[in-house]
Amino acid sequence: MQNALLDVFLPGNRSACTAVLRADRAREIAGIGQFILCGDRIQAHLAYISPAGILEGDEGLHLLDGIARLAGDRGAQMLIAEVGETDASFETLRRAGFAIYARQRIWRLEGAASISLPARADDWRPASARDRLAVQTLYVNIVPALVQQVEPPLENNNGLIFQAGDEVLGFLDTQDGANGIWIQPYFHPAAELTDELLAGFIQSVGAHGDKPLYVCVRSYQGGLGGSLERLGLQPFTDQAVMVKRLTAAVRRSLEQALPALDGTQPEPTAPFTSLEHKESLSRPTQP
């Protein structure tokens with residue numbers, strides 16, 4: 001509940017909104033849901049629903065509907081949720097209007113210190129402002145167009161860069177929290193993903209503590225699974241990434257005046273011959 005209590009102090013214009021569902025308008029709380037909206041982005045992220053069992057019944061639909069309305073009132077155009085495909089809440093989200101646009105597997109590691117493989121940490125460096133264009137280009141080249149329609153472009157404020165020559169071939173989007181470190185990798189197909197290279201990014205991110213690391217691998221980056229398993233990471237959960245669109249396109253006619261004409265006659269594009277002159281030329285000459 002710290003997000004609800006400390007909302008005004010969250011950095012980066014990050015807002016957390018908590019919705020409460022009461023059973024039959026009673027004082028007793030039946031369920032709680034929270035979403036997070038960052039800055040001026042149009043995507044709100046569903047943070048949690050409690051208790052989890054509420055999504056197995058109709059009350060869960062009412063709670064999701066209320067969260068969607070609150071998100072729309074705050075300017076969000078999409079509501080994103082990440083849920084296990086085997087969870088009972090998956091079908092409830094589908095009934096509530098959520099649709100799958102990506103799939104991901106979360107890998108977990110107790111701490112970077114548990115990796116014994118020699119790491120190539122020197123291949124990674126912190127991202128800076130001058131890397132913005134290169135990171136954006138990497139994102140556009142490897143992320144499917146359907147995902148780009150939902151998720152915003154990458155921000156390289158907190159991340160690591162893997163560069164080969166003058167080309168950026170890898171970027172790690174990282175978030176450090178109280179309960180762990182979240183890593184979402186983006187690698188170009190031309191990048192040579194060796195176990196040593198991946199061990200280097202894990203040790204670079206988790207070098208300052210023993211908090212667990214979570215690596216989120218999207219389906220379009222599936223080639224990382226084998227290396228992560230050899231490094232000691234374990235599959236934590238498989239999730240469907242779902243979106244509910246909170247806006248709808250409305251088509252209507254728009255009346256607009258045509259530009260005024262000059263009021264002059266158009267200039268001829270070919271010369272005209274006088275009709276009288278042509279007739280006089282065609283008459284036979286009188287003797």
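## Gly-170 in strand E8

Gly-170 has a relative accessibility of 0% and therefore counts as buried. In this predicted model, the residue belongs to strand E8. Once neighbours within four places in sequence are set aside, the contacts of Gly-170 are Leu-138, Leu-160, Ile-161, Phe-162, Tyr-186 and Phe-187. The C-alpha atom of Gly-170 is also separated by 9.1 Å from that of Trp-124, a residue 46 positions away along the chain.

## Overall composition

The protein chain contains eight helices and 11 strands. Of its 287 residues, 38% are buried. Among contacts between residues at least 6 apart in sequence, 68% join residues at least 24 apart. The chain exposes about 18,100 Å², and carbon and sulfur atoms supply 50% of that area.

## Helix H4 and its cover

Helix H4 spans residues 132–142, and its buried residues are Val-135, Gln-136, Leu-138, Tyr-139 and Ile-142. Viewed down the axis of H4, these residues fall within an arc of 160°, so they line one face of the helix. In an α-helix there are 3.6 residues a turn, so residues three or four places apart point the same way. On the face of H4 turned away from the buried side are the exposed residues Leu-133 and Asn-141.

The cover over the buried residues of H4 includes helix H5 (145–148) and the strands E7 (159–164), E8 (167–177) and E9 (180–187). One of the buried residues of H4, Leu-138, is among the contacts of Gly-170, which lies in E8.

## The second largest pocket

The second largest pocket has a volume of about 160 Å³. Its lining consists of Arg-125, Asp-131, Ala-134, Thr-137, Leu-138, Asn-141, Gln-163, Asp-166, Glu-167, Val-168 and His-188.

The greatest contribution comes from H4, with four residues. The lining includes both Leu-138 and Asn-141; Leu-138 is one of the buried residues of H4, whereas Asn-141 is exposed on the face turned away from the buried side.

Helix H3 comprises residues 88–95 and includes Ser-89. With a relative accessibility of 12%, Ser-89 counts as buried. Apart from neighbours within four places in sequence, Ser-89 is in contact with Leu-55 and Val-83.

Gly-97 is located in the loop between H3 and E5, and Phe-98 is found in the loop between H3 and strand E5 (99–109). Gly-97 is partly exposed, at 41% relative accessibility, whereas Phe-98 is buried, with a relative accessible area of 4%. With residues up to four places away in sequence excluded, Gly-97 touches Val-243 and Lys-244. Phe-98, with neighbours within four places likewise left aside, is in contact with Leu-79, Ala-81, Leu-93, Met-242, Val-243 and Lys-244.

The C-alpha atoms of Gly-97 and Val-243 are 8.2 Å apart, although 146 residues separate the two in sequence. For Phe-98 and Ile-80, the C-alpha distance is 8.3 Å and the sequence separation is 18 residues.

Ser-50 and Pro-51 are joined by a cis peptide bond, with omega about -10°. Pro-51 is found in the loop connecting strand E3 (43–50) and helix H2 (58–73).

## Helix H6

Helix H6, residues 195–205, is mostly covered, with eight of its 11 residues buried. The buried residues are Asp-195, Leu-197, Leu-198, Ala-199, Gly-200, Phe-201, Ile-202 and Val-205.

Technical notes. Residues numbered from 1 in each chain as written. Predicted model: local features only at pLDDT ≥ 70, side-chain atom pairs only at ≥ 80, totals over all residues. Heavy atoms only, no water. Buried < 20%, exposed > 50% of the residue type's maximum accessible area, 1.4 Å probe, protein only. Helix = DSSP H or I, 4+ residues; strand = E, 2+ residues; numbered from the N terminus. Arc of directions from axis to C-beta. Contact = heavy atoms within 4.5 Å. Areas by Shrake-Rupley, 256 points an atom, 1.4 Å probe, with all protein chains shown as cover. 1 Å grid on protein atoms, 1.4 Å probe; cavity = no way out; pocket = protein on both sides within 12 Å on 5 of 7 lines; lining within 4 Å. Points joined across faces, edges and corners; volume = space filled by probe spheres on them.
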